[in-house]
Structure formats: structure tokens, C-alpha cells
Amino acid sequence: MIVYVDIKHHVYASPRDDCAAIETSIFEGMPPNVIECYKYYPADDIHEEFAQAWKSSDEIACRQVLSDFEDLTTQNEELVDTIATMVEDLYQQDLEIIEGE
Amino acid sequence: MATIFNMAGGSGGIHLSVVGGTTKPTSKINRTVWIDTSTTSLTYILSPTRPKTGVNGLVWIKTADTGAEVYAGNTIYHLYSAALYLNGKWDSVVGWVYTEKSDWVQFSKKLVPLEYTAVEYLESTGTQHIVTDLVPTNTMWGFEGDWTIKNSVTSDSSTPDLFGLFVSQNSYLLDSYKGGRFLYGSKNTGGMHKLTENTRQQLKKHRTIMTFPDDSTTEIPGVALTYADGVKLSIFGSSRSVSSSGVVGVSDKSRVQLYSLKFFDEHDELVGYFIPCYRNSDNMAGLWDQVREKFYTNQGTRTFLVGGDIT
């Protein structure tokens with residue numbers, strides 16, 4: 001995945017003018033608002049790839065819960081839309097049956 | 001040697017004599033604090049929270065509700081830990097305090113050597129694991145774990161393991177299946193189902209008693225364990241096999257923020273104390289075992305994430 005890193009090593013999930021785009025797998029599976037709690041240092045001749053939180057673990061946990069809630073809200077909205085479509089389809093099928101009789 | 005009275009520490013009437021040196025002082029003077037360091041010119045501050053800034057040679061003595069007791073009149077102070085500010089950063093140090101009542105008492109241990117920096121947590125993302133040198137000989141082996149589980153604990157289709165081994169039907173394993181369970185011996189399951197995801201929790205087991213995050217307990221019978229040579233316990237997953245060349249096969253890896261993990265043998269003696277840290281020279285993240293004084297790094301793929309620096 002691509003992350004965006006500013007001159008102070010802060011990570012962003014979306015492109016920004018003052019950031020370098022870097023490809024890394026270290027944040028795979030993490031929500032964008034949690035990724036942005038980390039600083040990132042790419043590997044060089046001496047150092048390993050390194051990602052360290054600069055926000056507190058409490059803040060990161062809150063952001064994780066918020067992200068999970070947003071995911072569930074999105075899933076819920078999609079399910080409601082799907083059910084509405086199914087109800088509408090059934091209604092139209094009933095109408096066709098009634099009109100055909 | 002420097003005797004510094006605490007004028008700025010916010011603790012009012014207590015005066016300590018804080019001494020730096022690499023050997024414990026031979027003289028016994030009430031309320032002497034010895035800091036194990038080659039830096040001899042020390043100042044100190046007593047505070048429950050770390051000062052925002054420091055100067056070279058400043059010792060932060062953390063006070064808390066528990067710790068080594070020091071009396072000042074009718075007031076009891078608890079010295080909990082000590083950190084020394086040098087070259088722009090705080091580093092935990094070994095600290096002892098002498099009182100007429102208790103003689104010398106150690107109140108601070110160095111978390112990791114100077115070549116490493118301790119961090120709040122080590123986070124796996126489901127691909128990393130660490131193979132330790134521990135081999136439980138009995139299911140009475142205990143542990144104290146402090147972690148935030150990031151993977152689902154409600155799924156019954158996957159069983160991410162926090163640590164353990166399961167070889168030849170001999171198990172000593174903690175997983176996150178349906179709220180967590182402890183597998184021990186031959187196919188025995190200690191149901192607990194009291195772990196939740198995205199919440200920092202502590203789980204303890206000493207000999208046969210497991211203590212859950214809600215302080216309730218259950219009993220886990222003691223069962224002898226025998227393993228073939230080369231089998232060792234893993235963290236962030238579980239050991240399932242060992243090759244002829246000694247490579248331990250690890251599976252069921254978990255997504256966990258690990259704050260600390262201790263292991264105790266069947267006599268309740270500490271046999272492993274794993275502290276999250278990274279090596280300063282190359283930023284390699286891993287676990288420092290305070291018992292073996294050994295640094296363990298990732299033997300899986302990708303890279304651990306780490307929490308903020310701590311003293």
C-alpha cells in the first residue's frame with residue numbers, strides 16, 4: 001500500500017503536497033485514521049524499516065473503535081439498501097402477478 | 001557523591017540523599033537513594049509524572065501508591081521507579097533506597113540495556129512471530145500478559161494465538177477463539193471466553209489459578225508436558241513443529257499490541273520477562289527478555305510496529 005510521509009516522518013493515508021509517497025506493507029489492514037497516528041522511517045543501509053506511534057495508545061484505541069463503528073454503519077446502510085431493493089423487487093413481482101391474473 | 005534536597009519535586013517535606021555510582025554505598029544513612037550509574041553528579045525530582053524536560057544528570061524518582069516505603073515524619077512516600085536524563089533522553093535505571101526501617105530495598109529496575117529503547121508496546125499485524133527459548137514442562141507454568149487484542153475474538157473460523165506451543169498433542173497455548181481459551185496437555189480446554197478485542201486487558205496464571213481481567217478465577221489442573229528437542233514456545237502465534245535443522249514452525253498468528261509478558265515455572269519462579277523495545281543501532285523492534293538478557297526479533301514476515309518510547 002502507498003502511504004504519504006512528511007518531513008517530520010508523520011504518516012498520512014491520503015496524498016498531500018508536502019509528503020513523499022512511499023510503498024510499504026507495514027500498515028496493511030489498519031484503518032487510515034489509525035495509520036496517521038504513526039511516524040514512519042524507511043529502511044536504509046543501517047536501519048530497519050520502522051514505524052512508531054506518536055499518539056497515545058488510548059487515542060489509537062479510540063480511533064480504532066471509531067473506524068470499526070463507521071465500518072459497521074456502512075455495512076448497516078448497505079444491508080438496509082439491499083433489503084429495500086428486495087422488498088421493491090417482491091412488490092413489483094406481486095404487481096406483475098396481479099396484473100397478469 | 002551529591003546530596004540534593006528536593007526543592008522542586010512537589011513533595012514538600014521529604015529530603016533524600018541521591019547518590020550515583022556503580023557500587024552500592026557502604027555507609028548506611030537514612031533515606032539514601034543509590035542510582036546505579038557511572039554519572040556521579042546527580043540532581044533529582046520526586047513526582048508521579050515524568051518531567052516534560054530534563055537536564056543531564058537529573059533523576060526522576062517516580063512516586064506512586066505502591067513501592068519502597070520512605071518515611072518523612074508521619075507521611076509515607078512510595079518510591080516506584082527511577083529514570084536518568086542523559087544526552088537528551090530518559091533511560092530507566094537501577095535504584096535502591098536505604099531506610100533505617102527496611103535496610104536497602106531495590107525500587108527500580110532497568111527495563112532494557114542502554115543499547116535498546118523500551119517502548120509502550122510491540123504490535124503484530126498477523127504475520128510476525130517470536131520463538132523464545134522457553135519450554136514449559138508442566139501446565140502449571142504461569143504467565144502474566146498485558147495486551148490489546150486487535151484481531152476478532154468472536155470468530156469461530158480462526159483461532160489466532162497469543163502465545164504457545166502445540167506439538168504431539170502436548171499443548172500450552174492461549175488463543176483468542178470465542179473470547180479466548182487456554183489449551184493445556186492433551187486436548188484439554190480451559191474455557192474462559194472473557195477476552196475482548198480493542199481493549200487493553202491483563203490475564204494472569206500462577207501455578208493452577210488463572211485470573212481473568214474481571215478478577216474472577218478458574219483452576220487449571222497441572223499436567224506434565226514433554227517435548228522433543230528443539231520445541232520452543234512462541235509469542236504472537238504458536239509453535240506447531242520443529243524441523244530436523246531446528247527451525248520451529250509457527251502458525252495461527254495474531255494481531256496484538258503486547259505491553260509485557262512474563263512466564264513463571266511450576267514453582268512460580270520468573271523464567272521469562274519480555275519487554276517491548278527496539279535496538280538503537282538499527283531500529284530493529286523486538287522483545288528484550290530480562291531473565292535471559294537476550295533480544296528476540298521477528299522470525300516471521302513484515303515488521304512489528306511499536307508504541308512510544310518509555311522509561
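**Reading a helix and a strand-built chain**

Mentor: In this predicted model, helix α2(A) has A:S57, A:I60, A:Q64 and A:S67 as its buried residues.

Trainee: How do I read the spacing of such a list?

Mentor: An α-helix has 3.6 residues a turn, so residues three or four places apart point the same way. The case here is the set A:S57, A:I60, A:Q64 and A:S67.

Trainee: Which elements do the buried residues of α2(A) pack against?

Mentor: In chain A they pack against α1 (32-35), β4 (38-41) and β5 (50-53). Chain B contributes β23 (256-264).

Trainee: Now chain B. How many helices and strands does it have?

Mentor: Chain B has zero helices and 27 strands. Its radius of gyration is 22 Å, close to the 19 Å from the globule rule for 311 residues, so chain B is as compact as a globular protein of that length. Along the principal axes, its C-alpha atoms fill a box of roughly 60 × 40 × 35 Å.

Trainee: What share of chain B is buried?

Mentor: Of its 311 residues, 54% are buried. Chain B exposes about 13500 Å², with 48% of that supplied by carbon and sulfur atoms.

Trainee: And how are the charges of chain B placed?

Mentor: There are 28 positive and 29 negative side chains in chain B, and the centres of the two sets lie 3 Å apart.

Methods
Residues are numbered from 1 along each chain as its sequence is written. Chains are lettered from A and ligands numbered from 1 in the order in which they are written. This is a predicted model: local features need pLDDT of at least 70, side-chain atom pairs count only at pLDDT 80 or more; totals for chains, interfaces and linings use all residues. Side-chain values use heavy atoms; hydrogens and water are left out. Helices (H or I, at least four residues) and strands (E, at least two) are DSSP runs, numbered from the N terminus. The radius of gyration is taken over C-alpha atoms; the globule rule is 2.2 Å times the number of residues to the power 0.38. Buried means under 20% relative accessible area, exposed over 50%, partly exposed in between (1.4 Å probe, protein chains only). Accessible areas come from the Shrake-Rupley method with a 1.4 Å probe; for residues, only the protein chains shown count as cover. Lys and Arg count as positive and Asp and Glu as negative; His and the chain ends are not counted. The place of a charge is taken as NZ of Lys, CZ of Arg, CG of Asp or CD of Glu. Contact means heavy atoms within 4.5 Å.
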